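Welcome! Have a look at the sequence and the 3D structure, and then let us walk through a few of the features together.

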Amino acid sequence: MEFNHFLSAYYPDTSYGGDRLYADMIAQAKHADRLGYRGVTIPEHHLINILLVPDPLQMAVKVASVTRSLEIVTSVCVLPLHDMRVFAGSAIQADILCEGRLILGVGRGAFAYEMARMGKPIEESRERFDESLDVLMALFTREEVSWKGKYYDFEPITVMPRPVTKPMPQIMMAALIPEAIEASVKRGFHIQTTPLNATVEKMKEQVDAFMRGKQSLGAAGKHLRLALSRVCCVAKSEADARAKLELAYDYYGRFHNVFTGPGIVENGAIRHLPLKQTMEEFKQSIIVCPAAEMVDRLGLYHELGVNDFIMNVNIGHSNDEALECMERFGADVLPHFVPKQKVA
């Protein structure tokens with residue numbers, strides 16, 4: 001199992017400034033590169049102060065320019081928000097400028113608040129995503145593409161430049177529901193998923209769905225990867241872990257406001273709403289603990305066959321604390337899972 005750092009761009013104090021926010025993300029990407037992480041993931045979200053990266057491809061190119069070997073994964077580009085005739089060219093350009101290190105994570109969108117205000121209601125997102133994905137793959141792999149569908153209708157065009165990565169940039173599908181995970185694997189896609197703050201049992205259902213889909217492909221599926229994301233932060237002590245759990249609990253109270261809740265947002269800031277979980281239940285569903293405990297808890301993910309564990313450490317503490325968490329992870333946890341020669 002290898003590790004990926006989530007450049008999650010949490011912005012709890014909106015007076016902090018976007019320039020400082022993105023400088024922090026770049027500093028974290030450089031740190032991940034130095035410590036020996038496999039890659040970083042970059043979200044796409046708009047109009048809200050969680051996961052705030054309006055243009056993940058632009059950020060990917062910047063990260064590639066200041067790192068040596070990191071794989072750079074979008075997590076995820078929300079296809080229904082884009083015109084595929086524009087997006088295909090942007091993705092090809094980013095892939096070229098990232099010198100082949102880009103993995104194009106794509107999804108249909110998660111926050112009803114955001115989707116509605118962008119004019120693409122969440123109720124239409126599945127249909128829009130399915131057609132958008134088909135259009136995108138056609139534009140990547142064929143010249144002189146024409147289309148007549150529900151959301152796209154155009155005469156023959158050729159996206160330029162043509163992909164350098166053949167036959168197209170690598171695609172990683174975002175899926176949460178086990179049935180969607182299995183179906184996407186059977187189509188030949190890498191998978192990116194997360195149980196969020198749900199139970200370990202929910203996580204196992206997602207992993208099992210990936211494994212079923214991969215097994216059904218036989219040798220053709222051996223190269224497919226499962227990337228799984230969780231809040232995961234190495235605390236320096238039990239007291240530090242308790243403080244960070246409080247921050248994470250507050251973070252998820254805001255996240256679920258726009259993911260499963262009413263979407264109450266004021267001047268771009270998501271209001272905190274109480275979680276249905278108790279703190280004790282919540283503690284078992286994320287990984288915020290000292291290093292020795294983390295090694296044991298991550299061992300389960302390794303045994304289940306997760307290829308890439310995506311770590312979200314940005315839960316409301318300072319960037320200095322995030323970098324310190326990464327440093328502790330690199331020194332005390334990463335060597336238990338990654339061959340020594342991969343760690344710089």
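This briefing covers a strand and its neighbours, a pocket, and a group of aromatic rings. Please keep in mind that the model is predicted.

- Let us start with strand 5, which spans residues 102-107 and has six of its six residues buried.
- Both of its faces are covered, with Leu102, Leu104 and Val106 on one side and Ile103, Gly105 and Gly107 on the other.
- Strand 3 (residues 71-74) pairs with strand 5 in the parallel sense over two bridges, and here isoleucine 72 has leucine 102 as its bridge partner.
- Strand 4 (residues 77-78) also pairs with strand 5 in the parallel sense, over two bridges; in this pairing, cysteine 77 stands opposite valine 106.
- Strand 8 (residues 171-174) and strand 5 are parallel too, and three bridges join them. Look for methionine 173 in strand 8, the bridge partner of valine 106.
- If you trace the chain from strand 4 through helix 3 (residues 84-97) to strand 5, you follow a right-handed β-α-β unit.

**The largest pocket**

- The largest pocket holds about 900 Å³ of space.
- It is lined by 36 residues, and the closest to its centre are Ala110, Ala174, Leu176, Thr194 and Phe259.
- Strand 9 (190-193), helix 7 (200-217), strand 10 (226-235) and helix 8 (238-259) are the elements that each give two or more residues to this lining.
- Which element gives the most to the lining? That is helix 8, with four residues.
- By type, the lining residues divide into 20 nonpolar, 11 polar and five charged.

**Aromatic rings**

- A pair of aromatic rings is described by two things: how far apart the centres are and the angle between the planes.
- The count for this model comes to 15 aromatic pairs.
- One of them joins tyrosine 251 and phenylalanine 255, a stacked pair with 6.4 Å from centre to centre and 25 degrees between the planes.
- These two residues are about one helical turn apart, because they sit four residues apart in helix 8.
- Phenylalanine 255 also pairs with phenylalanine 259: the ring centres are 5.4 Å apart and the planes lie at 45 degrees, so this pair is tilted.
- Phenylalanine 255 and phenylalanine 259 are again four residues apart in helix 8, and therefore about one helical turn from each other.
- Is each of these two buried or partly exposed? Phenylalanine 255 counts as buried because its relative accessibility is 8%, whereas phenylalanine 259, at 26%, counts as partly exposed.
- Ring pairs link Tyr10, Phe111, Tyr249, Tyr251, Tyr252, Phe255, Phe259 and Phe282 into a cluster.

Definitions and conventions
Residues are numbered from 1 along each chain as its sequence is written. This is a predicted model: local features need pLDDT of at least 70, side-chain atom pairs count only at pLDDT 80 or more; totals for chains, interfaces and linings use all residues. Side-chain values use heavy atoms; hydrogens and water are left out. On a 1 Å grid over the protein atoms alone, a cavity is a set of points where a 1.4 Å probe fits but cannot get out, and a pocket is an open set with protein on both sides within 12 Å along at least five of seven lines; lining residues have an atom within 4 Å of a point. Grid points are joined across faces, edges and corners, and a volume is the space filled by probe spheres set on the points. Ala, Val, Leu, Ile, Met, Phe, Trp, Tyr, Cys and Pro count as nonpolar, Asp, Glu, Lys and Arg as charged, and the others, Gly among them, as polar. Buried means under 20% relative accessible area, exposed over 50%, partly exposed in between (1.4 Å probe, protein chains only). Two strands pair if DSSP finds at least two bridges between them. A crossover is right-handed if, with the strands pointing away from the viewer, the path from the first strand over the helix to the second runs clockwise. Rings of Phe, Tyr and Trp (its six-membered ring) pair if their centres lie within 6.5 Å; planes under 30 degrees apart count as stacked, over 60 as edge-to-face and the rest as tilted.
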